[in-house]
Structure formats: structure tokens, C-alpha cells
Amino acid sequence: MPSAETTAPAKSGPARALETLGLTTPIALALHLPLRYEDETQLTPLAQARPGDTLQIEAVVQDARVEFRPRRQLVVRLADDEGEALVLRFVNFYPSHQKTLQPGARIRARGELRGGFFGREMVHPQFKAVQPDTPLAAELTPVYPSTAALPQAYLRKAVASGLQRANLAEVLPAGVVPAGLPPLREALLFLHHPPPHTALATLEDHSHPAWQRLKFEELLAQQLAQAQSRRERARLAAPLLATRAGGLHERLLAALPFQLTGAQQRVAREIAADLALGRPMHRLLQGDVGAGKTVVAALAAAVAIDAGWQCALMAPTEILAEQHFAKLVQWLQPLGVQVAWLTGSQRGKARARAVAAVASGEAALAVGTHAVIQGDVQFARLGLAVVDEQHRFGVAQRLALRRKLQLPGDRQLEPHLLMMSATPIPRTLAMTYFADLEVSTIDELPPGRTPIVTKLIADNRRDELIARIRDEVAQGKQVYWVCPLIEAAEETGEAPAQPARGKPMAELRNATETHAQLSAALSGVEVGLIHGRLKAADKAAVMARFKAGELAVLVATTVIEVGVDVPNASLMVVEHAERFGLAQLHQLRGRVGRGEVASVCVLMYSSPLSDSGKQRLRAMAETHDGFEIARRDLEIRGPGEFMGARQSGDALLRFADLADDAPLLAQARRQATWLLDHHPQAAQSHVTRWLGHQLDYLKA
């Protein structure tokens, strides 16, 4: 048996719940702010109360009994000192309720007053037994974010203890905090225990100076962390990758069957300039769907390869990686560049050959999925890594990539990193989550792209839509039909997890059912089916048939969200469009309009729509501008989900709101630079207090 000295005491339910919420240190408890407040500082006589008011009353129990009509419930009749009557009604109750609510007991109850058929009542109010001389609360009562296993009373005591023990001393020099904002300790004490008559609206909308202090502190810590990261990287060395006359870069440009747009030329020059500096490039290349980011990445790879180094390109899905691979082979292989293919589905000799070619340096370019960073893949001389749709990788994968980017032959050098995204980043988001990045933007589409008409239709017009598809196919055009699920009542991870309001999962149309329905309705038309559960070879075969025009209609899940390029496809149908995020809808719409034929994207929705669903569909109908869509997406979802920050388990901004706090962000950005230059120790203390273990996530 283990000794008492080696056996840790079992934690109680509430203690375990505190740990689950991350409330394990005094500062974490001090920064666990209330969701709302309850006013227990005053009593309202029942004679003055009005139905609809939320109030606190004090009265004596006259009668308490369990009744069974229309269902089992505890009904408690009270009377206050003036004889005014009130009923408390509990549908869910415990023996402790009945013990406290005995006839003759004086209680205080707080809840919403209702005017019922049998008189005034409160349903499931909060209550406690009191004496006639029990004093009222002196402050508003905080209600904290919690779980079922963590009662508010327990959490309030834990937070109060954390506030007493936390080191809340000022670490910032005078003049850094904006004028008019209180000290940190004073701000936190106020937010946890506001005095009576505080304007609740200023607490709820976070405009109170105490809230502003918390927001500024958080934004300053985030800006400091990003600025530190940028400065640390500037001290590192990277391969010098300079273009040369007559080199691979120039030969690739000459061999391309099209002219680069002005925007492509500009960002290619920005990237080439970074590669020639001798310090690690850390650049985000953003451009709308179809803007031509792959060829810019190919030009960057050509610079690295021509200088004697290798390049790796990693994409989140096999379909997207395969699209990149096909284009890069087409452009670079005729120029003598060997391109290796690495994915998780590879097995046996094919994988062994690819891994060996990368390790020996024979393959100058490796393209694939996360398999590119697996343990058995070693590069001879990795000089440049390109990551497409980097926000779609989990934080752990992004951190693994950063650690993988170490040169085995020379630990003094670090490869260059180019990240690409078809989800444009709003300016305020770029100033926070991407403050340590240089950003290049392709803000011009290649010529020849036709505008896409976006239509919203209800799902009761499904038959009309199928008739439209029949007409499109008869004209030799091709059609996508995207569904959120593979099979009924089954989650796939390929679409947002929440079902449409009022639509259980089992009722949502699914890809296999839709494939069968369209196959039957479109007799003589080849209808294909593709989804994430198919083996890689089967997916590739279906896509090859669709590209070749052998399949007129392709039913798919969001596996075709990015990377698929079929110029003859002129109609995109997204079923249950209300279930998809704005970025997904914009990506899916970008699968059509890639040729010269007029294209339409139909967003088919089910009623009733949630408010956010209405906002998303309205945004899609009103604009095709990826930057405007990204801005609206940020407004609807907030930065955490927009950036995939939920994958880290932590929201990187808990208090600040990028839509409302741009002035505070600008101040924090300025002060961060000044602090690092003049008070580096204070800057480090501030970052450690606020971010701690999240620093790796910020750098990922």
C-alpha cells in the first residue's frame, strides 16, 4: 500500500471544477470576472412590486406543500410584514428546499415577479433563511461563469481568497496607463464587489473605467508578447536567399502560361526582399479566393531552391495539398526541380522513396499534409517552409511545425516561414494576433474571372433547384452540391457542430441521401459523391472524373471547401447554408466562377433562422469582398473562433473586444514599443502576469 506521504488527498467536486476552469492560482481567480450582478442590497415591499420586475423580498412562510397538478411541484405560500401574499413555485426541488421552507420560517427570495391566475408568484427564485435583524448585503452580488459542479457560494469564496492573495502591485511605470483609469487592484476589487447604485449598464457593456483598465492591461500584454517575438526573431539568422540573373526564379516567370497581376508582382517582390535579408522571414500572404497565391509561393520556392536550399509546402487537407502539388509539378518539374509528395495515406515503398529523396536533398521541394512534419521526415537543407490555410491547423500542429523548422546541419540558422490564407484578416485582428507578422495582400483577382451571383432560397424550393440543375447540365456545365453531413444523424467534423435551430441532426439532409435523390431525379446524368471518409485514392479518382467532365454533378461535404479548381463548374448549391460559417461559405462560393461562364451560388436554408444565421446569409448576398466578409465574420463570431483559437483551449483575448476597443489597442501598441525600449523588466513582469502559458499559443 502507498504511504500517507505519497498519496495525494482526493479533491472534492468543487475543487476539481476549479482546476478544470483553470482557476488554480491567486491571479487566475482574481481575473475570473463576474458575468452579471444581483442586487441584494435592498428589499422591495410586495405592495410596491410590479409583474416583470426582478426584486428581492422578505416574508414568512405560511404554507409549503407538494402538489401534483399539472405535475409534481413544491408550492410555498408567503406573506410579508404588511400581509401581502406571494407564491414560490419549484418544479425541481430537493429535501433541503422543504427543510428550509417550513411554515414560520423567515426567508429572503429573489427572482422575477409574475402575475399568475392565482396571484403573484416567483418560479424557482433564489432564497435563504434569515432572522428579522439579518443585515442586507453592502455590495452587488457577483454571478461568475461556472459549472454545475461549482456552486456560486463556493466560487465566490475562492475568488475572494484569490483577490486577497494575488500580487496586484502596479508593475507599469507612470504614464503608461491611459489617464483616468484606476489602479489594477482598485479596478478588480470594484468589478468583483461593486457598491450599491453602481450603473449596471456600464458594467454590462464594459465601458466602466475599471473594465477599461482590465482591457488595456490585456491588450498591452498581448502587444508586448508579439513585439518580443518579433525582436527575438530579428536576432536570429536565416539562409541568405537572393535572386540572381538567369536563375530559376526568372526561368519560372518566363515559363508561366499567364502574366502575373500587379498585386502578385508586388507581393512576390516583398517576399523576395525578405528572403534576401539573412533573418527569418515570418510573413502572412493573404488573398481572396482565386487570387493566385500558389504561383507566388512557387516563385518563393524557386528563390530558395536556386540558392541551394529545400522548400516544404504544407496544406491542411489532402485535396488542397494535391492541387498545390499538381501545379508545382507542372511549373517546376520541366525546369529540373524534383517535387516529393508526402501525405498520411502514403504507405510502403512510395513513402520510403519520398522520405529518402527529402533526406538526401534530391527532392528540392516537398508538398503534402501534416505528414511533412512527422518525425521520420528529415530535410537535408530546409530553407523555406510554406503553410497554406495555417489557421486550419491545430495549435499543437503549428507548434510542432515551428520546432521542426530547425536546420540539422547548422543550429545557428532558422528557415524562413511563409503562411498563406484565403481568409482575409481584418486590420484590428492583424494588429493583435498577427502583430509579429509582416503581411502581404493580393488585393486583385486575375483577369477573366466572372462575377458570381449569390441567391438565397428556402429548402421548400428544392424541386425548382433540381430542375435548374437539369438545365445547367444540358448546356454542358457542371454543378457542386454541398451538404453538411455524410449520413443522417452523424457528425463528421467537416462542418460546424451546431445544428440549425429547430432542426435536429437526424433531419438535416446528408450527402449520401442527396446523392441518391439527385441520381434518381437526373436520369442519364452522372452524379458523383465525395466526402472525408473516402480513402485518399477514391477521393482522387472522383475528383479526377469531375475535372475531366465525366461527372456532371458532384455531391460533397466541405472536403471541397478549398483547393478545388474546375473552370467548367458554374453552379454551387450549399444545403443547410445556415449551418456554415461565413469563411466556409465564401470559400465554397469560390469553387465556381473560375472560368469564363456565368456562375451562381445558391445558399439553401431551413427555417427558422437564428439571428447569426440571418446575419451570415445576408452578408453573403450583399458582398463578394473577402475583406468585408472577414470583417462581418469577426463581428458575428468574435476573434477566438475566427482564428481557431478554441483549438488551444484558451481564448487569447478574454476582456477586450476588437470591434469596440480599437482606440485602446492603438494605445497599447504604442506603449508596448516604448516599454520594451525603456523598461524591459516591467514589460516582462506584465507579460508573465497576464499570459503565462499562453505565450506559445500566441507564437503559433
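Predicted model: local features only at pLDDT ≥ 70, side-chain atom pairs only at ≥ 80, totals over all residues.

Visitor: How many residues are in the largest nonpolar core?

Guide: The count is 46, and Leu252, Leu275, Leu328, Leu365, Leu384 and Val386 have the most contacts inside this core. A nonpolar core here is a set of buried Ala, Val, Leu, Ile, Met, Phe, Trp, Tyr and Cys residues joined through side-chain atoms within 4.5 Å. Buried is under 20% relative accessible area, exposed over 50%, partly exposed in between, with a 1.4 Å probe and protein chains only.

Visitor: Which helix gives the most to this core?

Guide: That's α10, residues 293-306, with eleven residues. Helices (H or I, at least four residues) and strands (E, at least two) are DSSP runs, numbered from the N terminus.

Visitor: And what does valine 386 touch?

Guide: Neighbours within four places in sequence aside, Val386 is in contact with Ala297, Cys311, Ala312, Leu313, Met314, Leu418 and Met420. Contact means heavy atoms within 4.5 Å. There's also a second, separate core of 41 residues, with Phe216, Ala225, Leu665 and Leu691 among them.

Visitor: Switching to the sheet: what's the strand order?

Guide: β12-β13-β11-β14-β15-β10-β16, seven strands in an open sheet with parallel pairing. Two strands pair if DSSP finds at least two bridges between them. At the edges, β12 (339-342) and β16 (438-442) each pair on one side only.

Visitor: How many bridges join β10 to β16?

Guide: Five, with β10 covering residues 282-287. Glycine 287 sits opposite isoleucine 442 of β16.

Visitor: What does α9 lie across?

Guide: Helix α9 (residues 262-275) lies across β10, β14 (382-388), β15 (416-421) and β16, at about 155° to β16. Axes are lines fitted to C-alpha atoms, for helices over the stretch in contact, and angles run from 0 to 180 degrees between N-to-C directions.

Visitor: How does α9 sit against α10?

Guide: Their axes come within 10 Å and cross at roughly 30°, so the two helices are roughly parallel. For that word the angle has to be under 35 degrees; over 145 is roughly antiparallel, 65 to 115 roughly perpendicular and the rest oblique. The α9 side of the contact includes Val267, Ile271 and Leu275, and the α10 side includes Val296, Leu299 and Val303.

Visitor: Threonine 261, buried or exposed?

Guide: Buried, at a relative accessible area of 5%. Thr261 is in the loop between α8 (248-255) and α9. Leaving out neighbours within four places in sequence, Thr261 is in contact with Glu444, Leu445, Pro446 and Pro447.

Visitor: Last one: where is leucine 676?

Guide: In helix α22, residues 662-678, and Leu676 counts as buried at 12% relative accessibility. Leu676 and Ala227 are 449 residues apart in sequence and 8.3 Å apart in space, C-alpha to C-alpha. Apart from neighbours within four places in sequence, Leu676 is in contact with Leu224, Ala227, Gln228, Arg231 and Ala683.

Definitions and conventions:
Residues numbered from 1 in each chain as written. Heavy atoms only, no water.
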